[in-house]
Amino acid sequence: MSEELLKVSNISISFIQYGSGLKQNILDVISDLTLDISQGEIVAVLGSSGSGKSLLAHGILGILPSNANLSGTMHYRGEPLNQNLKEKLRGDEIALIPQSVKFLDPLMKISEQAIGDCTEEEKEEKKAIQREVFEKYGLSKEVDDMYPFQLSGGMARRVLVSTALLSNPKLVIADEPTPGLDERSIKETLNHLRQMANDNVGVLLITHDINAALEVADKIAIFYAGYVIEIANSSDFTGDGEKLIHPYTKALYHALPQNDFKLTEGHQPLHDELLKYCPYFERCEHPTDICHETIPKLIDIGDKKIRCNRANEFKTGEF
Amino acid sequence: MILKGENISFKYPSSDNYLIKDLNISLKSSEIKGLVGDSGSGKSTLCKILAGFKKSEGEVIIDGVKKTKKNIFNPVQLIFQHPELTMNPKWKMKDVLKESWDVDHDLIKEFGIQESWLNRWPNELSGGELQRFAVLRALSPKTKFLICDEITTMLDAVTQVQIWELVTKIAKERNIGLLVVSHDKDLVKRICDDVIYLEEINNN
């Protein structure tokens, strides 16, 4: 059995914003999120852009802005993951593959910024490791002395991936690694993630691209209005979607152009609409009274997790 | 009506190579045509040329007439991938929506735009909600052609279906010609009558 790396339990992230005048608004971006990642496993967090899923990455790394409020608990290999531990682990055992090439320093040579700050003695050894990892990702020696503007999009992507791997991390967080790339580069990026998982690294893939998630992830956590409403296995997204449980997950599966392109009416609640009941209530075809009274908890069903009062009925296909 | 791009060529001033060379493309009223290409292949550049936002060699002709007049409503409207970048952050959504035409009430409802969203600022709505506004804003009765440049790429699959149902329905009702630009071949196959590949019509 592979070791559990990260365990996130009931995390909520909210922001305090100033409205008109001195009125403060609280914005719940992530609510009651529970998730775990083991070694060699790829877990995708799937949500529409702007849904705040990147903040999960920032929460794990301890780089949330000061007006953000984080509650709930996180454990890393059994140890409570507090701010001190986060600062110790980030860039070392936990690495981030950032969203875009804009995260590179335009004025530093590639190899210098990949190695980062170190003493003269360490430099040679680090340089050798950097060269080795870069080689593995098809980056030739010339790249070391280049500046970011000299890289093509695909090369830059490989630089970000291999830089994240320099510290030999156990957990990699990939924040939207695919948008703006063509099919070939997407495939390449996803292959890199697979390669990491095969080397026993745990990968948290944050994405809005369901095709990318389905192709590479083992588990997919589906975000809806700040709530994870289902954590399903990628292999459940098959056939007529009969293995999927939550009605939104089913709608999502059937809406794919390669499936039925089926229309589902309605929209997600806005971030600042404080919900007192099931976030999917207004769109659900089978709501009950209880669905309008409380927010359902994320419960375990078999090897999956579902946030639905009627999960068991949905599961047995009663509807 | 027919929108034609004839012998379109484009290169960046800093480059020696043409991004687009001697390209010909046409779009008829009520036709839904897909355009597929890799990123960086010049899809968005071509969109901007056809909509008259970018100068190029060659000619863009609408119904046999070369577009020359400025400051009149452009019958070729362009919708972008990122709606949030096309909206004034200091305008409320109701002002954003009515920027180009006096949108009627029924249509707002049909688009699933909630009354309460109209008093919101752009940064308070998600990409899917903003894109509904962007599409509706572009659908003035004077719009004859609509160029959709990856308009649902950043959206979830459910919202993607909603947006395309609306766009194709209205395009059919009003005989609007639609150019659907996307890298998603399944999507293009799903909604278009005809698909063209940029690399096949580009002679660079």
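**Where B meets A**

I started with the contact between the two chains in this predicted model. It takes 27 residues from chain B and 29 residues from chain A. Next I looked up the area buried between chain B and chain A, which is about 2,300 Å². Carbon and sulfur atoms give 55% of that area.

Which three residues supply more than any other three of the area that chain B buries against chain A? I found Met154(B), Val158(B) and Arg190(B), with 24% between them.

**Polar links**

I looked for salt bridges between chain B and chain A and got a count of zero. Polar contact is there, though: I noted six residue pairs between chain B and chain A, both residues at pLDDT 80 or more.

**Which parts of B do the touching**

I then listed the elements of chain B that give two or more residues to the side touching chain A: α4 (127-138), α5 (157-174) and α6 (185-191). α5(B) has the largest share, seven residues. Sorted by class, that side of chain B has 10 nonpolar, seven polar and 10 charged residues.

**α4 next to α5**

Two of those helices got a page of their own. I checked the axes of α4(B) and α5(B): they come within 10 Å and cross at roughly 10°. Angles under 35 degrees count as roughly parallel, so I wrote down α4(B) as roughly parallel to α5(B).

Who meets whom? From α4(B) I have Gly128(B), Gln131(B), Arg132(B) and Val135(B), and they meet Thr159(B), Gln162(B), Ile163(B) and Val167(B) in α5(B). I sorted this contact too, and α4(B) with α5(B) came out as three nonpolar, four polar and one charged.

Note on methods:
Residues are numbered from 1 along each chain as its sequence is written. Chains are lettered from A and ligands numbered from 1 in the order in which they are written. This is a predicted model: local features need pLDDT of at least 70, side-chain atom pairs count only at pLDDT 80 or more; totals for chains, interfaces and linings use all residues. Side-chain values use heavy atoms; hydrogens and water are left out. Contact means heavy atoms within 4.5 Å. Buried area is the accessible area (1.4 Å probe) that two parts lose on being put together, summed over both. A salt bridge is a side-chain nitrogen of Lys or Arg within 4 Å of a carboxyl oxygen of Asp or Glu. A polar contact is a pair of N or O atoms within 3.5 Å; within protein, one must be able to donate a hydrogen and the other to accept it, and residues adjacent in sequence count only if both atoms are side-chain atoms. Helices (H or I, at least four residues) and strands (E, at least two) are DSSP runs, numbered from the N terminus. Ala, Val, Leu, Ile, Met, Phe, Trp, Tyr, Cys and Pro count as nonpolar, Asp, Glu, Lys and Arg as charged, and the others, Gly among them, as polar. Axes are lines fitted to C-alpha atoms, for helices over the stretch in contact, and angles run from 0 to 180 degrees between N-to-C directions. Angles under 35 degrees count as roughly parallel, over 145 as roughly antiparallel, 65 to 115 as roughly perpendicular and the rest as oblique.
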